[in-house]
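Subject: Structure for your files

Hello,

Please find the structure below, with its sequence. My notes on what was found in it follow.

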Amino acid sequence: MSTMANATIRTLQISIFSPTSSHGDFLAYFPSLTVRRTSTHKVLKHTFSPSRHPLCCLTAKASVAGADVATEQEVVKGYTMTQLCDKMIDFFMNKKPTTKDWRKILVYRDDWNKYKDNFYNRCQVRIDAENDPSFKQKLVLLARKVKKVDNEIEKHMDLFKEVEENPLDIDAIVAKRRKDFNGEFFKHLNVLADIYNSLDRQDAIIRLGAKCLSAVRVYDCTLENLDSLETAQSKFDEILNSASLEEACSKVTSLAKSKELDSSLILLINSSWAAAKESTSMKNEVKEIMYQIYKATQKSLRSISPPEIRLLKHLLNIADPDERFTVLANSFSLVDDAEPSKNPDDLCTTPKELHKWIKIMLDAYHLNKEETDLIAARKLGDPIIIQRLIILKQIIEEDYLSNYIQKEGEEAE
C-alpha cells in the first residue's frame, strides 16, 4: 500500500453509530434525539454520550424568530423542523464555526439531504426577519459558506461513487476528470472513511484513494512528457484530417509499418474511442469513424510486435510470482544494453514504456472484449492472467515509475 494509505489508515475515531447501520448518524450531533421515520412510522432511538457531541451544550429549546412552531409537527423528539434548523444554524455559527467541522457532518449525505432544503429556507426566513444588520450579514455568510461546502462534498461524493463502481477504469476516469482529483477530494476520502465503524470498509476507502492517487501521479507524469504527446497529437490530427475513412485507416497502417505507431499515439486513439463510445451527444457517424480507427490501430499492433508485448507475454506465462518479479526487475536493469537479445528472459524496456503497453492491453480488453484484433488482449480472457497484468501495473506504478521519473529529472538537470 502507498505511503499515503499507510499514513491515513487510523483506528476508528467516531464511536457513536446507529444500531442498525454500519456508519454514523447525522443526528448524532444532537443530544438524545428520537427520529420519527415517517415512511415506516417506526421510532428509532439513539442514546448519545454528552462528552462526544458538540451540540450537547445547546439549550433545550432553540429560539425561533418569525415562525409559529406550535403548529408544526415534531421531526425529532421535542423539536419541530424549524427548531431543528435553528439548532443547526447555532451549531454552524457558534459551536463549530470552521468548515473542517462542517464537512464531518455534511458527509452524511442521506441524512443531510433530508434537512438541507429546510435549513436553507430557515436561514432565508431569519435573514429576512433580522433587524440587526451585523447579525443579518452573519446569517447571509453562513448560508453561503454552508452551501459552498455542501456543493463541494456533493461533487466529491459523485467522483467517489464513480471510481468505486468502476475500479478497473480509474485511469480513464482520471484522464476525464483530472481537475476533480484535487487535495480536497483526498481529504474528503479520509473524512468519509471515518464515519464507518467497519475497519474493512475504512481500509477499502483508503485503498481506493491510494489507487486514485497513483493513477493521478501516472497521468501527471505522462503529461509532463510534452514532446511525445504533441507528436502523438499531431499524428492523430493528420489521421482525422483524412479525406476518407479508408485513407485514415491506411495512415494508421503506414505508421505501424514505419514503426511510428508508438505507445503515446495508441493511448490517444484508445482514449478517444472510449470517450466517443460513452458519449450520448456524439453522432453515430463520428463514433463509427473513431471505432474504425481504433480497430485499425489494434490490427496494426499485430504487425509491429514491440518488445514490450513480447516481454508481457513472457511475464504473464510465469506462474511463480517471485520469478515473475525477478524477470521484471531484470528487464529494467538491461535497458542500457547495446545488443538486443532474442531470449525472452533478456528483453528489456523502461518502466514508463512497459506501463504504457500494459494500459494499452487492458484498454483493448475492456473496450471491446469480443471483437479486439489485438491477439494479446484477446487471450486475456483468463481472470488469472488479467489479475497478473493488473498486479504488474500496480507494482510498476508503486515501486518503479516514480523512481524512474525522478532519475530522469536528475539526469536532465
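The side chains of Asp-150 and Lys-116 form a salt bridge, with 3.7 Å from N to O (a salt bridge being a side-chain nitrogen of Lys or Arg within 4 Å of a carboxyl oxygen of Asp or Glu). Asp-150 belongs to helix H5 and Lys-116 to helix H4, so this pair ties together parts 34 residues apart in sequence. Helices here are DSSP runs of H or I with at least four residues, strands are runs of E with at least two, and both are numbered from the N terminus. Asp-150 is buried at 1% relative accessibility, and Lys-116 is buried at 18%. Buried means under 20% relative accessible area, exposed means over 50%, and partly exposed is in between (1.4 Å probe, protein chains only).

Before the rest, two notes on the source. This is a predicted model, in which local features need pLDDT of at least 70 and side-chain atom pairs count only at pLDDT 80 or more, while totals for chains, interfaces and linings use all residues. Residues are numbered from 1 along each chain as its sequence is written, and side-chain values use heavy atoms, with hydrogens and water left out.

Other salt bridges

The whole structure holds 19 salt bridges. One of them joins Arg-109 and Glu-154, whose closest N and O atoms are 2.8 Å apart. This pair also links distant parts of the chain, since Arg-109 is in helix H4 (residues 109–129) and Glu-154 is in helix H5 (residues 133–165), 45 residues apart. Arg-109 is buried, at 8% relative accessibility, whereas Glu-154 is partly exposed, at 39%.

Lys-251 and Glu-247 form another salt bridge, with 3.6 Å between the closest N and O atoms. Both are in helix H10 (residues 245–257), and being 4 residues apart they are separated by about one helical turn. Glu-247 is partly exposed, with a relative accessible area of 33%.

There is also a network: Lys-155, Asp-158, Glu-162, Lys-176, Arg-177 and Asp-180 are joined by salt bridges that share partners. Where does Arg-177 sit? Arg-177 is in the loop between H6 and H7, and at 12% relative accessibility Arg-177 is buried. Leaving out residues up to four places away in sequence, Arg-177 touches Lys-155, Asp-158, Leu-159 and Glu-162 (contact means heavy atoms within 4.5 Å).

Nonpolar cores

A nonpolar core is a set of buried Ala, Val, Leu, Ile, Met, Phe, Trp, Tyr and Cys residues joined through side-chain atoms within 4.5 Å. The largest such core has 48 residues, and those touching the most other members are Phe-92, Phe-119, Val-146 and Phe-181. At least two residues of this core come from each of helix H2 (81–95), helix H3 (99–106), H4, H5, helix H6 (170–176), helix H7 (183–194) and helix H8 (199–224). H5 gives the most, with 10 residues. Phe-92 touches Pro-97, Trp-102, Ile-105, Leu-106, Trp-112, Phe-119, Leu-142 and Val-146, again not counting residues up to four places away in sequence. A second, separate core has 45 residues, including Cys-249, Leu-267, Ile-309 and Ile-358.

The buried ones are Glu-308, Ile-309, Leu-311, Leu-312, His-314, Leu-315 and Leu-316.

The buried residues of helix H14 are Arg-324, Val-327, Leu-328, Ser-331 and Phe-332. Seen down the axis of H14, they fall within an arc of 140°, so they line one face of the helix (the arc is that of the directions from the helix axis to the C-beta atoms). The face turned away from that buried side carries the exposed residues Asp-322 and Ser-333.

Whole chain

The chain contains 17 helices and 4 strands. Of its 413 residues, 44% are buried. Among contacts with a separation of 6 or more, 69% are between residues 24 or more positions apart.

Regards
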